Amino acid sequence: MSAVLSAHSLRKSYGDQVVVDDVSITLNKGECYGLLGPNGAGKTTTLRLMLGLIEPDGGELSLLGHAVPRHAREARLRVGVVPQVDNLDPDFTVTENLLVYGRYFGMKDNEIKARIPALLAFANLTHKRDVKIPTLSGGMKRRLTLARALVNDPDIIFLDEPTTGLDPQARHLIWQRLHELTVQGKTLLLTTHFMDEAERLCHRLAILDHGRMVAEDSPRELIAQHIEAQVVEVFGEQAEAWVHEHAAHYSDRYEVSGETAFCYVNDAQPLLKHLQAQHELRYLHRPANLEDVFLKLTGREMRE
Amino acid sequence: MSAHHFSPPRLSFRFFPIWRRHMLVWRKVAATSILGHIADPMIYLLGLGYGLGSLLPEMGGTSYMVFLAAGTVCYSTMNSASFEALYSGFSRMHEQRTWEAIMNTPVTLDDIVFAEMLWAASKSLLSGVTVLAVIWLLGLSHSPLSLWLIPLALLVGLCFSALGLIMTALAPSYDFFMYYFTLVVTPMMLLSGVFFPVTQLPPLWQNVASALPLTHAVNIARPLMMGVIPPNTLLHVAVLLGYMLCGFYVSLVLFRRRLSK
């Protein structure tokens, strides 16, 4: 089976700044693949390269069997895109947005109109079909953007931070819909900086930092390979003093961030036993997750 | 700026759904839009035409009202095309991110810019034709040759849409467009023989005027309005076409650079 998308050694610089540095990714049919990274890691630029919207400085790229960017137009016939910033047509109703967007794919009006009821149902927007965009909530706009990306029945869907700015209810509904799409055999490529989103949705993911892929695997494997199994977070006024004396002794590895010490351990029992006797300290014991991997690989400094 | 920004335009029929999109938006505001097209040029035509016209026995071999009518068709077409290409075009590109949404489909930036030019020209054609209709109603022109002002308005519209798109491609914000209107559009209106013959200008300014596209439009429009076949029509049409082609290409190169970031 040929890959839905294969990128080999993609590179892109703006001036002296290398934004995408030797990125290679292969997507299989029906998989949900995540691009994780801090702000400015090159996630959106990678998506734009893959859509053929910008010219790479180097590398090979094939999308749905078409060489990109040379034949990007043919490839995009079978692609759906959910952009990071909403760009629905504010002058149109919900239905008109879908109709007008379908025409860009060369679809006939009756062909699009036949698809609209199912798209509206998928987006839970049937009752809003004749409403203008400015009156929709943020979650409704995202769902409509997702429905719009499906108007041409694409084989692969690119989603750039699909749930940023949504409340938990709206996020869960989007997640449910994205899961349904993978069950239907659609391939998804999404960027996010929500670790729970990536862990829940993605079959595989890549962590990007400064334009480079620093790790790639399933969420479970990334956690197993890159980090100790357990985390004990120790906090409280005395935490700093405690770290100096005991942290190194009781943990395989530890990091301090603000007033919290993150102690990474494979066996938490000795540390927990010790902490139970320290009444001035508070602590939280939990399994290691993707965020721990992410912070280990990309560091804790702020990215602006 | 890299080499592929300079490659020749690659156009396709996929521009048409974009033109239809703009049309659908416009249809929702058509009534107020047509009123806007007609009000401004009519105020100038009637105000200056009757007011100033009563003081002037004749101008360029005709009544001042008829003299002004031909110029009004041209400059209102220019204004309408410029406004659409600048303000509405910038809104679609920058504020509403409509272009970004369209570029994620099989439509390319070249198609989008072509559709913008064609749409702004379509709107300005409507503006020109509306003014023309009023001129006919007022009985200012009886010659069937004045029908040729309709294709002329389309050409003038294409020319100024293309030139306006250069500004849109360079604009950091809406404020930038004030420069274009105060430094380019308004002086052009005063220098191109809309309100008085170019021959009234000092020789240096006559030379400047002869390079301006609006002068060439007026030079075609005025004889037609008076029922005369304009001299040097081919030259004037060629100048307008030249401005259009250059404007379209330069704006396309600038848009490619701007949107490849």
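Is Phe90(B) buried or exposed? Select this residue in the predicted model: Phe90(B) counts as buried, because its relative accessibility is 0%.

Phe90(B) and Phe177(B) form an edge-to-face aromatic pair, with 5.6 Å centre to centre and 85° between the planes. Phe90(B) belongs to helix 3 of chain B and Phe177(B) to helix 7 (residues 177–191) of that chain, so the pair ties together parts that are 87 residues apart in sequence.

Now extend the selection to the surrounding rings. Ring pairs link Phe90(B) and Phe177(B) into a cluster with Phe83(B), Tyr87(B), Tyr174(B), Phe176(B), Tyr179(B), Tyr180(B) and Phe181(B).

For the following stop, select Tyr64(B) and Phe67(B). A search of the whole structure finds 23 aromatic pairs over all chains. Tyr64(B) and Phe67(B) form one that is stacked, at 6.1 Å centre to centre and 15° between the planes. The two residues are three apart in helix 3 (residues 64–95) of chain B, and so are separated by about one helical turn. Tyr64(B) is buried at a relative accessible area of 2%, and Phe67(B) counts as buried at 2% relative accessibility.

Arg222(B) lies over the face of Phe67(B), at 3.4 Å from the ring centre.

Finally, turn to chain A and select Phe122(A) with Arg177(A). Here Arg177(A) lies over the face of Phe122(A), at 5.4 Å from the ring centre.

Key. Residues numbered from 1 in each chain as written. Chains lettered and ligands numbered in written order. Predicted model: local features only at pLDDT ≥ 70, side-chain atom pairs only at ≥ 80, totals over all residues. Heavy atoms only, no water. Phe/Tyr/Trp six-rings, centres within 6.5 Å; stacked < 30°, edge-to-face > 60°. Helix = DSSP H or I, 4+ residues; strand = E, 2+ residues; numbered from the N terminus. Buried < 20%, exposed > 50% of the residue type's maximum accessible area, 1.4 Å probe, protein only. Lys NZ or Arg CZ within 6 Å of the ring centre and 35° of its normal.
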